[in-house]
Amino acid sequence: MSPGSAVLTARAGPAGRLGLARRPVGLAIVGLVLLAVALVAGIGGGTVAIPPGDTLAILGRRILGLDIAPTWAASAETIVMQLRLPRVLTAMVVGGGLAVAGAAFQGLLRNPLADPYVLGTASGAGFGAAIAVLIPVRALVLEFGLLHGFAFLGALAAVFVVYKLSRVGASSPMTSLLLTGYAVGSLLAAGLAMAMYLSGAGLRQIFAYLLGGFDASSWGRLAVAAPLIVLASVGILLRARSLNGMLLGEEAAAHLGVDVRRERAILLALASLATAAAVAVSGLIGFVGLVAPHVVRLVVGPNARLVLPLAALLGASLMVGADLAARLLGGIPVGVITAVIGAPFFLALLRRTRSGYEL
Amino acid sequence: MIRLEGVTVLYRERAALHDIGLQIDAGERVAVIGPNGAGKSTLLRVVAGLLRPAAGSVELGGVRLDGLDRLAVARRLAVVPQLPTLPFATSVEEVVALGRLPHEHPVRGMRPSDRAAVAAAIDRVGVGHLLGRDARELSLGERQLVLLAMAVAQDAPVLVLDEPTVHLDLRHQVEVMELVGDLNTRDGTTILAVLHDIGLAAHFFPRLVLLDRGRIVADGPPADVLTPERIREVFGVDPEFVRLGA
Amino acid sequence: MAAPLHPRARRAGRLTSFVLLPLLASLAACGPSAVVPTVPPGATSSVVPAATATPAPTFPVTVTDDEGTAVEIPAEPQHIVSLTPAATETLFALGVADRVVAKVEDIAAYPPEADDLPVVATFQGVDVEQIVSLEADLVIAGGGNPSFTPISAIEQLRRVGIPVVVLYARSVEEALAGIETIGTAAGAADAAADVVGSMRADFDELAAATAGLDRPKTFYELDATSKIYTVPAGSLYAEMLELAGADPITTDDSYEISLEELVAADPEVILLGDDADYTTVDDVAARPGWGDISAVKDGNVLAIPAYVLVTRPGPRLADGLRALILALHPEALD
């Protein structure tokens with residue numbers, strides 16, 4: 001067997017360590033099992049603990065219509081169906097969406113340190129939220145308040161501005177995007193600080209939003225946010241080929257048949273949409289979008305066709321786990337948990353990227 | 001196969017290429033040489049369809065280039081890029097597999113035929129001993145060979161090389177050039193290479209195109225193109241031809 | 001429902017002191033504030049079946065809370081949750097303590113009988129799941145802008161079908177009405193009418209005692225560690241001060257007042273209210289720029305140790321008024 005045909009069986013990343021790495025289907029199953037465990041744990045766990053058996057029974061009875069005699073209190077059922085289930089599902093969707101968006105940004109910008117907020121979405125959302133708090137109007141559309149709507153629009157507007165401004169640079173489009181994103185993000189952060197200063201009483205609301213969380217989850221909000229995030233994520237998944245093409249840079253991608261300008265715009269738009277929707281629903285929760293794609297790449301390599309769906313599964317599980325931990329630790333913000341776990345990982349990642357940037 | 005007529009490319013109001021006429025037939029092996037700033041890279045990008053000329057036409061396989069989408073171009077013409085940076089750990093197989101991008105299924109990815117093509121390319125270029133390694137950790141010469149394998153995997157009738165021997169040691173320079181020659185003579189691939197080393201070009205390519213300040217000043221066999229006067233005029237050096245050994 | 005500042009929380013975060021202040025105090029748009037409450041006894045804001053001879057409360061009942069929401073309570077609540085300290089005091093005063101199952105954290109910890117109740121809400125937030133698991137059938141929450149009880153918690157509780165009555169008093173009259181609303185909702189309307197009646201009598205008596213007296217210009221200090229915070233115009237604070245026979249210096253809804261404005265207003269009396277626990281009279285005199293204020297020069301800086309009562313719209317509100325009068329016009333209480 002010639003060395004070349006070894007590639008017919010080996011599809012892993014460098015020195016495909018785990019046997020699993022050769023079988024993406026196996027990994028997908030692992031991911032789904034992990035997600036299922038996270039789901040049950042997230043639904044059953046909290047300040048009011050519901051045993052896994054009861055959790056599964058309640059879900060089976062209410063969702064699958066199985067005929068199970070209740071051995072639990074009615075309040076447990078309320079907690080599961082009305083409070084925990086929408087919360088956990090929201091966390092899943094947000095975690096998965098942020099992971100996919102993060103992977104897309106990392107691939108587009110060819111920067112392993114990129115995350116979904118790299119082009120100003122975070123600052124834009126925060127600024128939008130702060131503006132909304134300053135406006136003394138309480139409006140509710142589809143269970144979303146003014147704050148969420150403005151955060152969503154702020155995030156999208158920020159990316160749009162960054163994209164437009166970056167087009168006039170002399171450096172490569174991606175470097176230009178990154179730098180413009182940083183500049184616009186800083187400007188918006190300054191605006192946010194100003195708005196917070198002026199907000200007085202509304203400061204607490206802005207803080208709570210910035211720290212992020214799933215406390216305000218509901219079926220109604222999930223019904224609005226989930227389609228947006230899921231559709232955007234699926235759109236990105238379908239464009240995995242373009243992301244792969246970008247691995248060697250924009251010019252090489254063009255040589256390989258990628259319509260770089262169009263794909264860049266579409267991928268940016270989809271990733272920003274998913275991020276903006278996630279941020280509108282649950283505030284600024286960091287590190288999941290950065291960490292999940294990297295962990296997956298360590299196992300399966302940079303092929304976006306594998307990275308994107310697996311990162312979505314991992315991101316969803318991570319977010320559910322982080323929310324559960326946040327609740328069990330006395331209601332601290334989810335963003336703190338993800339930072340505590342994510343920051344050391346991020347630092348470890350920095351140490352590993354010593355090679356890869358130089359020629 | 002490749003045909004340029006009256007191609008003019010403007011760059012900041014200056015003509016980077018001026019009224020270029022060039023015809024390369026299928027199966028030819030051509031090197032483009034010239035001093036820095038002569039327009040070699042610009043010519044390559046025009047041929048690859050990345051740059052649209054301000055005037056003139058470019059044809060690939062008898063079809064106008066501006067009528068083809070990127071995928072169609074990629075199936076007809078493969079480019080071995082200059083060594084790019086890789087943001088993530090990427091195995092040699094993954095890099096070579098990128099060459100199948102224009103052929104693989106858009107959503108499902110590589111088919112068995114694609115994987116076979118990747119295997120064949122790896123064998124053809126002889127980088128099988130590098131399998132499983134992270135491409136970022138290879139030597140420059142090894143990386144260039146891997147990129148060549150990627151372009152071979154692309155299975156295009158035309159292969160364009162962008163300064164493939166820059167940064168390479170002598171052994172790898174020769175290895176790459178011999179491989180390119182082999183691809184041309186054995187597989188019939190049309191080769192267009194941009195080279196800065198005129199000695200290498202003269203040795204390995206039967207036809208040279210000499211560019212100077214955006215114009216083709218000579219086009220033909222090395223002996224005809226590389227006359228002392230021309231070298232003196234274009235490169236600004238006094239050449240001395242030395243024959244080493246037999 | 002207004003609650004005074006939480007000194008522990010404030011000490012924990014000077015930086016965010018200006019957050020806590022407006023959050024925990026009642027924030028009022030200009031509301032009507034009569035100097036002397038003379039509203040005749042009877043219902044003011046809710047459909048109240050009380051004030052009749054029927055001894056047993058009739059359910060289902062619908063009350064209108066301070067946000068104008070009509071809250072229906074289908075049956076006499078057996079598991080009441082109080083999310084404001086004032087509501088906790090009120091519920092206990094109305095004699096329904098045996099039906100209260102949980103409370104909000106209260107620095108003033110009153111009444112002592114409530115000590116054993118589980119805490120389901122703190123400054124950090126409300127544990128909606130706990131409340132649900134306690135099978136709550138009535139929740140009294142705090143409103144305002146920004147809301148004392150997080151709006152998301154109120155919405156979640158309502159979404160799972162628990163009646164939530166949101167109260168915040170911007171005047172004495174609204175505080176009394178709030179007590180009656182709680183009474184109706186909890187099935188203790190008669191007791192509420194009694195409590196309110198006796199409170200009204202107290203208020204009338206106290207207001208009469210200060211009616212003709214000199215009204216000194218008064219600065220009621222909430223905090224001055226970085227910025228200076230005092231009472232907004234049209235708030236419960238302001239009305240209490242007026243009833244106590246003062247002419248309060250007021251500010252806008254931000255609670256902030258600049259030193260220039262304060263010096264220009266030149267109060268004759270400075271009352272240390274919400275910061276009485278950690279600010280002494282000498283501290284005030286030592287502040288740069290404050291030395292020219294009449295109150296400081298004349299030594300009329302007084303602390304109100306019972307500051308919690310000044311804006312807690314519960315059964316002890318009249319005691320808060322009494323504390324203010326004690327500081328401003330002690331002779332009126334003889």
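Into which domains is chain C divided? Chain C splits into domain 1 (7–35 + 212–333) and domain 2 (61–206), with bounds that come from an automatic or database domain assignment. The C-alpha centres of domain 1 and domain 2 of chain C sit 26 Å apart.

Before going further, some ground rules. This is a predicted model, in which local features need pLDDT of at least 70, side-chain atom pairs count only at pLDDT 80 or more, and totals for chains, interfaces and linings use all residues. Residues are numbered from 1 along each chain as its sequence is written, while chains are lettered from A and ligands numbered from 1 in the order in which they are written.

Now for chain A. It has 14 helices and two strands, and 57% of its 359 residues are buried. Count contacts (C-beta atoms, placed from the backbone, within 7 Å) between residues at least 6 apart in sequence, and 76% of those in chain A join residues at least 24 apart. The pLDDT, which is the predictor's confidence in each residue from 0 to 100, averages 85 in chain A, and 90% of the residues score at least 70. Residues 4–21 of chain A stay under 50, though the model gives them 45 contacts beyond four places in sequence. Residues 355–359 of chain A are also below 50, with eight contacts beyond near neighbours in sequence.

Helix H7 (residues 203–211) of chain A buries A:Leu203, A:Gln205, A:Ile206, A:Ala208 and A:Tyr209. After H7(A) comes A:Gly212, whose phi is positive, near 80°.

Where chain A meets chain C, the contact takes 18 residues from chain A and 20 residues from chain C. On the chain A side, helix H3 (74–109) and H7 are the elements that give two or more residues, and H3(A) supplies the largest share, five residues. That side divides into six nonpolar, 10 polar and two charged residues; Ala, Val, Leu, Ile, Met, Phe, Trp, Tyr, Cys and Pro count as nonpolar, Asp, Glu, Lys and Arg as charged, and the others, Gly among them, as polar.

Chain A also touches chain B, in a contact that takes 39 residues from chain B and 38 residues from chain A. On the chain B side, H4(B) gives the largest share, six residues, and the side comprises 22 nonpolar, seven polar and 10 charged residues.

Chain B itself has an open antiparallel sheet of four strands, ordered E2-E1-E4-E5, in which two strands pair if DSSP finds at least two bridges between them. Strand E1 (residues 2–11) and E2 of chain B are joined by seven bridges, and B:Tyr11 has B:Arg14 as its bridge partner in E2(B).

Note on methods
Buried ≥ 20, exposed ≤ 12 C-beta atoms within 10 Å, placed from the backbone. Contact = placed C-beta atoms within 7 Å.
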